[in-house]
Amino acid sequence: MQLPISTNLTSLTRQEALRLWLSRNGLTFSELGRRLGVTPNSVSKLCDQETMPTRRHAQLVDQGIPAQLLPRAQDIKPGPKPRDLHEQFMQAFRG
């Protein structure tokens, strides 16, 4: 499997560094998905985001993956995001 890795190794993105680390340690998204009970695609998506649920972050760290290579652990409440203050004020003002 050929991984997309930067030609300039001094400026690897976090995602590139993670893929390189996984490759060097003989791990794949398929194997991690099997261990976590999710699809390989789910693991890939989790690792490419800026944040991931704290539960998944802990599970990946438990598998030996360095925390600095993973997205920031943060639980984000699902559902619609709160409106900004200005919009709330304008809604109240209109009626």
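**Entry 1: the end of helix 1**

I take helices as DSSP runs of H or I with at least four residues, and strands as E runs of at least two, both numbered from the N terminus. The model is a predicted one, where local features need pLDDT of at least 70, side-chain atom pairs count only at pLDDT 80 or more, and totals for chains, interfaces and linings use all residues. Residues are numbered from 1 along each chain as its sequence is written, and side-chain values use heavy atoms, with hydrogens and water left out.

**Entry 2: the whole chain**

I listed the secondary structure and got 5 helices and 2 strands. Along the sequence the pattern reads α-α-α-β-α-β-α. Next I checked burial. The protein has 95 residues, and 27% of them count as buried. Buried means under 20% relative accessible area, exposed means over 50%, and partly exposed lies in between (1.4 Å probe, protein chains only). The accessible surface comes to about 6900 Å². Carbon and sulfur atoms hold 54% of that surface. These areas come from the Shrake-Rupley method with a 1.4 Å probe, and for residues only the protein chains shown count as cover.

I also looked at contacts, which means heavy atoms within 4.5 Å. I took the contacts between residues at least 6 apart in sequence, and 35% of them join residues at least 24 apart.

**Entry 3: helix 1 and its cover**

Helix 1 spans residues 14-24. I found Gln15, Glu16, Leu18, Arg19, Leu20 and Leu22 buried there. What covers them? The cover includes helix 2 (29-36) and helix 3 (40-48).

I then compared the axes of helix 1 and helix 3. They come within 10 Å and cross at roughly 135°. Axes are lines fitted to C-alpha atoms, for helices over the stretch in contact, and angles run from 0 to 180 degrees between N-to-C directions. Helix 1 is therefore oblique to helix 3. For the wording I used these cut-offs: under 35 degrees is roughly parallel, over 145 roughly antiparallel, 65 to 115 roughly perpendicular, and the rest oblique.

Arg14, Gln15, Leu18 and Arg19 of helix 1 meet Ser44, Cys47 and Asp48 of helix 3. By class, I noted 2 nonpolar, 2 polar and 3 charged residues in this contact. Ala, Val, Leu, Ile, Met, Phe, Trp, Tyr, Cys and Pro count as nonpolar, Asp, Glu, Lys and Arg as charged, and the others, Gly among them, as polar.

**Entry 4: helix 2**

In helix 2, I found Phe29, Leu32, Gly33 and Leu36 buried. Seen down the helix axis, these residues fall within an arc of 100°, so they line one face of helix 2. The arc is that of the directions from the helix axis to the C-beta atoms. The buried residues pack against helix 1, helix 3 and helix 4 (54-62). Just after helix 2, Gly37 takes a positive phi of about 80°.

How do helix 2 and helix 3 cross? Their axes come within 7 Å, at roughly 105°. The two helices are therefore roughly perpendicular to each other. Helix 2 brings Phe29, Ser30, Leu32, Gly33 and Leu36 to the contact, and helix 3 brings Pro40, Val43, Ser44 and Cys47. I sorted these residues into 6 nonpolar, 3 polar and no charged.

**Entry 5: single residues**

Ser44 lies in helix 3. Is Ser44 buried or exposed? Ser44 is buried, with a relative accessible area of 16%. Leaving out residues up to four places away in sequence, Ser44 touches Arg19 and Phe29.

Then I went to His57 in helix 4. His57 has a relative accessible area of 13%, so it is buried. Apart from neighbours within four places in sequence, His57 is in contact with Met52, Ala67, Leu70, Pro71 and Ala73.

At 4% relative accessibility, Leu70 counts as buried. Not counting residues up to four places away, Leu70 touches Arg14, Leu18, Cys47, His57, Leu60, Val61 and Ile65. Leu70 and Arg14 are 56 residues apart in sequence, yet 7.5 Å apart in space, C-alpha to C-alpha.

Last, I checked Gly64, in the loop between helix 4 and strand 2. Gly64 counts as partly exposed, at 44% relative accessibility. From Gly64 to Asn25 I noted 39 residues in sequence and 9.8 Å in space, C-alpha to C-alpha.
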